Amino acid sequence: MIRVGIIDDHPLVIGGLDRALSSVKDIRVVARGGTVAEARAILARADVDVLLLDIRLPDGNGLVLLSSTANERRCPVLVLSSFETPQYVSTALRFGARGFMLKTAPLEDLVGAIRAVAAGGSAFTAEQLLDANTRSIRLSFRERQIVQLIVAGRSNEEIAGAIGSSRKTVEAHLTHLYGRLGIASRVELALRAERDGWLDLGPSGDAR
Amino acid sequence: MSRKAIGYNVRRATQVALVVVVFVLGMAATSAVIEGSAVAGVETELPRGHVLAVSPAGFAWRDGIRPGQLVVALSDTYSEGGWRLETIDGSGTHISREAGFDDALRSTSPLAILALVAGGLGMVSIRTHRRWVGPLAAIGLALAAVPLGLQGEPVLSTAAMAGAGFVPAAVLANALTSLRWRIAVWTTIGTFTCAWILVRTTADPAYETFEGIRAAAAAYGTGALVAATIVRPALRGEGLHVIRPRLVDVVSVAVVGGASLILLFFLHLSAAAVFVTVSAALLLLPATRYAGRRLERAVLADLRAQVAQEVSEAERARLARELHDVPLQELSSVIRHLDAVPEAREEAERLRTVATQLRETATDLRPPVLDDLGLGAALDFLATQATAEGVHVTATVTDPGPDPAARPPTNVELAIFRVAQEAVTNALRHADAKSVQISGLVSRDTVTVTVLDNGRGLTKDRQREAMKAGRLGLASMRRRAEAIDADLTVAGSTSGTEVAVRWRR
C-alpha cells in the first residue's frame with residue numbers, strides 16, 4: 001500500500017485527486033493540506049511514501065520549500081504543477097524532487113509516477129530530462145564561483161579553501177553540475193565554460 | 001495649410017507686429033521724456049523777419065505760432081530760460097517757450113513707462129492671453145502717443161498718434177461678423193488716418209480739427225475696446241479667464257521694465273542699447289515658455305505612457321493569476337473525474353487541449369516562471385521560447401534561485417524581463433539576427449542583464465529612425481528601465497546590437 005500526501009490550495013483539485021486515487025487499489029491518501037506549513041509537516045512524516053506538491057501556495061512556494069529542505073530527511077516528492085516549462089522541471093530536479101507532472105496529466109500517468117517514486121525511483125520522463133539539461137546554462141552563485149576557479153586551473157582543495165568550505169562540498173557541487181550539464185570531467189567543464197561564455201556578461205557587461 | 005490656418009497665422013503675426021511696435025514706441029516715449037527735449041518745429045528768417053514754416057508735430061504749433069507771423073524776439077536754446085519765440089500777427093502776440101513743454105514732457109513719464117509695460121505685457125501675452133493683445137496694444141499706443149506728441153519728434157510721434165487713433169477701431173471692427181461692415185469700418189478709419197497724417201506733415205491749418213477727431217477716436221476707441229474685451233466678459237462672469245494675467249508675466253515685465261529704467265536713468269545708457277537688451281529679454285519670455293511647454297508636454301506624455309504601462313502590467317498579472325486560479329484548477333479537477341470514466345477518454349483529451357491553450361494565454365500575459373522561479377529562470381524561459389528554426393537564442397544566467405527573500409524586488413524582475421524580451425523581439429523581428437545571447441547576473445541587490453545579437457546593429461541613426469517610425473520598443477525599454485531607476489544602454493554596430501540593463505538597490 002502506497003501512502004500519499006497531497007498539498008494543493010484548491011479544494012477542488014484535492015477532492016478530484018483524492019477520489020481518483022482512492023479508486024486505485026494500492027494507493028491510499030493519508031494526508032491533505034493547502035499551505036507550505038502543512039507541506040513541511042507532511043515532508044517530515046515517516047508514514048507518507050510520496051508527497052504530491054503544488055508550486056503556488058498561499059503562504060509561499062513549493063519549490064522554495066524543497067530548496068530549503070534539500071538537506072533534511074524528507075519523504076519523496078512528486079511536484080504537481082499548473083505549468084510545465086523546462087525551467088520548472090530543472091528547478092524541481094535541482095532541489096531533489098523525484099518527478100514533475102502537470103495537474104491535468106492522465107490518471108494512469110500519475111499513478112505510474114507515484115508507484116515509481118514510492119519504489120525509490122525517479123518519475124522524470126526522458127523528454128523532461130533532455131529539455132531540462134540541454135537548455136541554457138543556469139548557475140547558482142556558488143556554482144559560478146567554482147566554475148571560475150576550475151577555469152583558472154585550481155584543484156578541489158584550493159577551491160574549497162577559496163570559497164571557505166570543505167573539499168567534500170566542492171565535490172558534491174561538481175558531481176551535481178556534471179550530472180545536470182551532462183559533463184564527464186573538469187577539463188570538459190572548463191572547456192565548455194570558456195567556449196560557451198558561461199562567465200561572460202557580454203562585451204560591456206560587468207562580470208561581477 | 002488650410003485657409004483657416006493661414007488666417008490664424010496672419011492674425012497671430014499681425015498681433016506680434018503690433019505689440020512689437022507698441023513696445024518700440026513705449027521705449028521711445030520713455031527715452032524721450034528722460035533724455036529728449038521738446039521740439040519746436042519752427043523755421044524763421046534769421047535773426048528777424050517772418051516765420052517760414054511750423055510743424056504741427058512741434059510745440060510751437062500748439063502755442064499758436066503759424067507761418068507768416070512776424071518774429072518779435074527769438075532766443076536760442078543756450079540762452080538763459082532756453083529757447084523762446086515771440087511773434088505777432090493780426091490777432092495779437094504769440095509766445096512759445098521750450099521750458100514749459102519740457103516740463104510737460106517730463107511729467108508724462110508715468111504714461112511713457114505704462115506704455116512700455118503695456119507693450120511688454122502684450123508681447124508675453126501672445127501665447128497665453130491672446131484676447132488681451134488688442135486692448136493692451138491700444139492702451140500702449142494711446143499712452144505712448146502723449147509724450148511722443150509733446151516731444152514733437154516727427155516720425156515716432158506721428159506713428160504713435162496715428163496708431164492710437166486707428167488701432168482700437170480696427171480691432172473692434174475685427175470683431176464684426178459681416179465682412180462688408182468690417183471693410184467699411186477699416187476703409188473709413190484708414191482714410192481718415194491717412195488724411196490726418198497728410199495734414200500733419202503738410203502743416204495744413206485744418207490740422208487742429210483733424211487732431212481733435214483723432215484724439216477723440218483714440219480716447220473713445222481705447223475705452224470701448226477695453227470695455228468690450230475686458231469689462232463685458234468680466235461682468236458676464238468670464239472675467240477670471242480673460243482678465244487674470246499670469247503672475248510670472250507680470251513679475252517678469254515688472255523686472256524687465258524696472259531694469260530698463262535703471263539702465264536709462266542711473267546708468268545713462270543710450271536708449272537704443274537699452275531697447276535692444278530689453279526687447280531681447282522680453283522676447284525670450286514667450287520663447288522659453290514655448291520650449292518649457294514642449295518639454296512639459298513630452299514629460300506628461302512619458303508619464304502617461306508609464307502609467308499606461310503599469311496599468312497594463314497590473315491587468316495582465318491579474319488576468320494571468322485569474323486564469324491560473326480558476327479555470328485551470330477547475331479543468332484539472334474535471335479531467336480527474338473524466339479519467340475515471342473510460343467512455344469519456346476523448347472528452348478528457350479535448351479538455352487537456354483547452355488547458356494547454358489556457359496555459360499558453362496565461363504565459364503570454366505574464367510568464368509564470370518569472371513569479372514562481374525568478375528572473376534567471378524567466379530569462380532562460382525567454383531563450384527557450386524565442387529559439388526557432390534557424391535562430392539560436394541562449395541564456396547564461398547566474399541567479400539566486402526561487403526563494404523570494406534572495407531575489408530582487410518583483411517590479412525589478414518584471415521590468416528587466418520586459419527589457420530583455422523587447423531586446424530579443426527587436427533582434428529577431430527588426431534586425432534579422434540569427435543568434436542572440438542573453439547573459440545575466442542576478443542577485444538580491446544588483447542585476448546586470450545583457451542581450452547581444454548578431455543582426456543589423458541598432459546604431460544611433462537606426463534608433464532615431466525606429467523612434468520616428470513609431471516603433472516604440474526602444475522607448476518602452478527606456479521607460480521600463482527608468483521606472484526602476486536602472487541604467488539602460490543600447491549600443492549598435494555593424495556586427496549587432498548590445499542592450500545592457502543594470503540595476504542596483
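Four residues of chain B, Leu300(B), Leu303(B), Val307(B) and Val311(B), make up a nonpolar surface patch. Patches are built from residues with over 30% relative accessible area and no salt bridge; nonpolar side chains (Val, Leu, Ile, Met, Phe, Trp, Tyr) are joined within 5 Å, like charges within 9 Å. A salt bridge is a side-chain nitrogen of Lys or Arg within 4 Å of a carboxyl oxygen of Asp or Glu. The areas come from the Shrake-Rupley method with a 1.4 Å probe, and for residues only the protein chains shown count as cover.

This is a predicted model, in which local features need pLDDT of at least 70, side-chain atom pairs count only at pLDDT 80 or more, and totals for chains, interfaces and linings use all residues. Residues are numbered from 1 along each chain as its sequence is written, chains are lettered from A and ligands numbered from 1 in the order in which they are written, and side-chain values use heavy atoms, leaving out hydrogens and water.

Leu300(B) belongs to helix α11 (residues 271-339) of chain B. Helices (H or I, at least four residues) and strands (E, at least two) are DSSP runs, numbered from the N terminus. Leu300(B) is partly exposed, at 40% relative accessible area. Buried means under 20%, exposed over 50%, and partly exposed in between (1.4 Å probe, protein chains only).

Now turn to the sheets. Strands of a sheet pair through backbone hydrogen bonds, either parallel or antiparallel. Here, two strands pair if DSSP finds at least two bridges between them.

One open sheet has six strands with mixed pairing, in the order β8(A)-β6(B)-β7(B)-β8(B)-β10(B)-β9(B). Its edges are β8 (137-139) of chain A and β9 (487-493) of chain B, each pairing on one side only. The twist averages 10 degrees from one strand to the next. Axes are lines fitted to C-alpha atoms, for helices over the stretch in contact, and angles run from 0 to 180 degrees between N-to-C directions.

Helix α14 (residues 375-386) of chain B packs on this sheet. It touches β8 of chain A and β6 (392-398), β7 (435-442) and β8 (446-453) of chain B. Contact means heavy atoms within 4.5 Å. The direction of α14 makes about 170 degrees with that of β6(B). Helix α15 (residues 410-429) of chain B also packs on the sheet, touching β6, β7, β8, β9 and β10 of chain B. Its direction makes about 5 degrees with that of β8(B).

Six of its eight residues are buried. A hairpin of three residues links β7(B) to β8(B), and seven bridges join these antiparallel strands. Gln437(B) stands opposite Leu452(B) there. Eight bridges tie β8(B) to β10(B), again antiparallel. Thr446(B) has Arg504(B) as its bridge partner in β10(B).

Chain A holds an open sheet of five strands with parallel pairing, ordered β2-β1-β3-β6-β7. β2 (27-33) and β7 (99-102) stand at the edges with a single partner strand each, so one side of each lacks a neighbour in the sheet. Neighbouring strands are turned by 25 degrees against each other on average, direction ignored. Helix α2 (residues 36-43) of chain A lies across β1 (2-7), β2, β3 and β6, at about 165 degrees to β3(A).

Asn156(A) is buried, because its relative accessible area is 15%.
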